[in-house]
Amino acid sequence: MRDQADKLRQIIDNIKLRQAISQATLINSIKKKTAKVITVTSGKGGVGKTNVTINLAISLSEMGLRVIILDADFGLANIDVLFGIIPKYTLADVISNKKNILEVLSDGPKNTKFLSGGSGVEELVKLEKNQLERFVENIGLLDKIADIILIDTGAGLSDNVMSFVMAADEVLLVTTPEPTSITDAYALIKMVSNRDKEKIIRVIVNRAENTHEANDILNKLSIVADKFLTLKLNPLGFILHDEVVIKAVKQQSPFTLSFPKSQASKHIREISKRLIEDSDEKKDDNADENTGIKGFVSKLVKFLNA
Ligand SMILES: Nc1ncnc2c1ncn2[C@@H]1O[C@H](COP(=O)(O)OP(=O)(O)OP(=O)(O)O)[C@@H](O)[C@H]1O
Ligand SMILES: [Mg+2]
């Protein structure tokens, strides 16, 4: 009996070890010269972008990635409120040369860092060419200290948010099962496809009633995008409607920290895993001036000025 139990334990240990090695290999393959910039957006507002952003950041960080969150929802300070942390400085202080980029980063939970956009975007478009170059060099430091930069935006479809979407290496689109949210998500996908059919758009269904409903929406969106827009969507996963999300928001603490064993936290971990596994290696290998945070800012300014 005892022998058998020992053997079983050994087999399980071996499986765990193999899983750990394969995850470490995947994580190493993401660690490139530049950070991957992912814009989190939605067609309709209030669908869960900020909650997805902070909890995904925490989960990815726990998996060994260096993650920075940029709050680009101007006017409404979103991340600060959900983290319960008020940052002293914003990106605007970097743009006006008062601070360097490392001085404006705040510490978030679990080794994450976050950066408040403040009035940064308005200031960014006003810069002269040499001032902009200096800013790009400065913010370029983030490529050295982050593997992933998650940008939380306001609801999509405005020129400002579209610029953040088009400038990013990848887009993470959040929708709920509500028809209005799905229609607006589709409208956003269409706008992206009109500009760049190669753009990687990953979709998350949030607040679904059950797995079936979530998968059905992911499938339908993928089929419609493929057929009518000839754009390949990446269905990344779902988070069911879960009361702990609402509780955690009230406590100003991310649900993955307050309720790590909840269904919502489990779903976030599944999404993180898939995000790491699906990482587009070819694109990463071609990392150049056009990718990472430097490439992102250069493109962003072009789009904002267009
Ligand atoms: N999976 C979920 N289960 C239950 N409630 C949720 C879930 N996700 C989000 N919510 C609720 O929706 C609210 C809005 O979420 P969140 O602030 O993340 O949305 P948002 O898309 O960032 O909104 P905005 O467009 O205003 O920035 C949360 O405060 C919470 O009450
Ligand atoms: Mg938000």
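Start by selecting α2 (49-62), β7 (200-208), β8 (233-240) and α11 (243-250): each gives at least two residues to the lining of the largest pocket. Keep in mind throughout that this is a predicted model.

**Stop 1: the largest pocket**

Colour α2 apart from the others. α2 supplies the largest share of this lining, four residues. Now show side chains around the pocket. The lining has 19 residues in total, and Gly46, Val47, Gly48, Asn51 and Asn206 are the ones that lie nearest the centre. Asn51 falls within α2 (49-62), and Asn206 within β7 (200-208). Colour the lining by class next. Seven residues are nonpolar, eight are polar and four are charged. The space inside comes to about 310 Å³.

**Stop 2: the whole chain**

Zoom out and switch to cartoon. The protein has 15 helices and eight strands. Its C-alpha trace spans about 75 × 40 × 40 Å along the principal axes. How does the radius of gyration of the protein stand against that of a compact globule? For 306 residues, a compact globule would have a value near 19 Å; the protein has 20 Å, so the two agree.

**Stop 3: the second largest cavity**

Go inside. The structure holds three cavities of 30 Å³ or more. To find it, select Leu70, Leu91, Val121, Phe164 and Leu300, which lie nearest its centre among 16 lining residues. Then show β2 (67-71), α5 (120-124), α6 (129-139) and α15, the elements that give two or more residues to this lining. Which element gives the most to it? That is α15, with four residues. Colour by class again. Here 13 residues are nonpolar, two are polar and one is charged.

**Stop 4: α8 against α15**

The crossing is right-handed. On the α8 side, select Asn160, Ser163, Phe164, Met166 and Ala167; on the α15 side, select Phe296, Lys299, Leu300, Phe303 and Leu304. These residues make the contact. By class, seven are nonpolar, two are polar and one is charged. Two of the names are back from the previous stop: Phe164 and Leu300 take part in this contact and also lie by the centre of the second largest cavity, among the residues nearest to it.

**Stop 5: α9 against α10**

Move to another helix pair. Select α9 (residues 179-195) and α10 (residues 211-229). Their packing angle is about 35°, with 11 Å between the axes. This crossing, too, is right-handed. Show Ile182, Tyr186, Ile189, Lys190 and Ser193 in α9. Facing them in the contact are Ile217, Leu221, Val224, Ala225, Phe228 and Leu229 in α10. What classes make up this contact? Nine residues are nonpolar, one is polar and one is charged.

Notes. Residues numbered from 1 in each chain as written. Chains lettered and ligands numbered in written order. Predicted model: local features only at pLDDT ≥ 70, side-chain atom pairs only at ≥ 80, totals over all residues. Heavy atoms only, no water. Left-handed = near helix turned anticlockwise from the far one by under 90°. Contact = heavy atoms within 4.5 Å. Nonpolar A, V, L, I, M, F, W, Y, C, P; charged D, E, K, R; others polar. 1 Å grid on protein atoms, 1.4 Å probe; cavity = no way out; pocket = protein on both sides within 12 Å on 5 of 7 lines; lining within 4 Å. Points joined across faces, edges and corners; volume = space filled by probe spheres on them. Rg over C-alpha atoms; globule rule 2.2 N^0.38 Å. Axes fitted to C-alpha atoms, helices over the stretch in contact; angles between N-to-C directions.
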